[in-house]
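User: I'd like to learn how to read a structure like this one. Can you walk me through it, feature by feature?

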Amino acid sequence: MNVKRLTAGIMVALTALFGFTVSALAEGRLGVPKDKGIWLQEAANTQASRVVDFNELLLWIITVIAAFVFILMFYVMIRYNAKANPEPSKTSHNTLIEIIWTVVPIGVLVVIGFWSIPLLYFQDVVPKTEFAVRVTGNQWNWTYNYPDHDGIEFTAAVVPKSAFADAAERAEYEAGLSKFLGRDAKLNARLLDTDYRMVVPVNTKVKVMLTASDVIHSWAVPSLGVKLDAVPGRLNETWFEADEVGTYYGQCSELCGKDHAYMPIAVEVVSKDEFAKWVERAKAEYADAGTTALGR
Ligand SMILES: [Cu+2]
């Protein structure tokens with residue numbers, strides 16, 4: 001049974017029924033949530049597509065279980081109510097049924113574990129990476145530090161909502177971003193865009209070292225399949241590899257205070273050449289700041 005195709009079929013049926021928008025594959029690469037989307041964000045790398053596939057598998061398992069339980073419940077309510085079945089059965093034990101309801105759930109858990117445990121390790125065990133980026137969560141922005149590139153460091157904060165209503169303010173933010181990235185850049189998504197972006201090269205394994213300076217935050221980029229808590233006084237590590245050039249958005253995903261909803265994450269994935277050029281420019285301007293909670 002092709003799980004992907006079946007799921008797509010169901011989504012199309014739902015769209016026909018309720019007018020939901022099925023999140024189509026993005027043109028170019030923009031890792032953003034789709035308007036009226038009800039599905040997970042489109043996967044942009046192996047990590048994310050494995051997460052999406054696993055979610056689909058789980059959805060099928062829980063759908064079958066829920067349908068079975070509901071049908072059984074209604075059957076019992078109708079067939080064995082006091083009117084239809086005035087003389088109740090006095091059965092108290094049935095070895096076969098007990099074996100079935102023990103073995104079947106074990107089987108279900110084994111099937112889930114067969115897929116979930118390897119995925120967990122795939123995300124958790126950091127492979128050999130080319131370089132690391134230290135990410136520090138602050139109330140309410142993110143500091144990015146590149147220890148392998150002379151400690152380039154900058155802090156990315158949300159672009160205010162007003163910039164999406166006011167053309168002059170928007171142009172100002174876009175000019176700043178273009179200067180930072182070294183090429184024309186546009187704001188793409190209200191409340192997801194930041195004044196600076198984490199910049200990484202395409203097809204490169206990058207280690208993300210996470211911590212926080214005040215309270216617990218969580219660094220999450222759905223389309224890249226990354227989500228990990230940033231905990232003050234602790235160092236958490238994860239990794240990702242982006243398969244395509246583009247801009248990928250995420251948000252702080254651990255309630256961290258009043259502006260938790262306003263500390264988005266924007267990751268700019270550029271070609272290796274462009275990354276090398278960016279590093280040279282950024283070194284001149286942002287190197288050796290060394291002010292993350294991790295120090296240098
Ligand atoms: Cu936060």
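Analyst: Lysine 36 counts as exposed because 10 other C-beta atoms lie within 10 Å. The rule: buried means 20 or more other C-beta atoms within 10 Å of the residue's own, exposed means 12 or fewer, partly exposed is in between, and C-beta atoms are placed from the backbone. One caution: this is a predicted model, so local features need pLDDT of at least 70 and side-chain atom pairs count only at pLDDT 80 or more, while totals for chains, interfaces and linings use all residues. Numbering runs from 1 along each chain as its sequence is written.

User: Where does lysine 36 sit, and what is its phi?

Analyst: As a general idea, most residues other than glycine have a negative phi, and most peptide bonds are trans. Lysine 36 has a positive phi of about 60°, and it's in the loop between β1 (30-31) and α2 (46-79). Helices (H or I, at least four residues) and strands (E, at least two) are DSSP runs, numbered from the N terminus. Leucine 191 also has a positive phi, near 70°. It lies in the loop between α4 (167-181) and β5 (198-201), and is partly exposed, with 14 other C-beta atoms within 10 Å.

User: Which residues does the cis peptide bond join?

Analyst: Glutamine 139 and tryptophan 140, with omega about 5°. Tryptophan 140 is in the loop between β2 (131-138) and β3 (141-146).

User: How do I check a helix, say α3?

Analyst: Compare its span with the expected one, which is 1.5 Å times one less than its number of residues. For the 30 residues of α3 (residues 95-124) that should give 44 Å, and the end C-alpha atoms are 42 Å apart, so the two agree. Look for a bend too, meaning the angle between axes fitted to the seven residues ending at a residue and the seven starting there. α3 bends by about 30° at glycine 113.

User: Where is confidence lowest, and where is it highest?

Analyst: Check pLDDT, the predictor's confidence in each residue, from 0 to 100. Helix α1 (residues 3-18) is lowest at a mean of 56, and strand β7 (residues 217-221) highest at 97. The protein's mean is 89, with 88% of residues at 70 or more.

User: What about the whole fold: how many helices and strands?

Analyst: Five helices and 11 strands. Of the 296 residues, 27% are buried.
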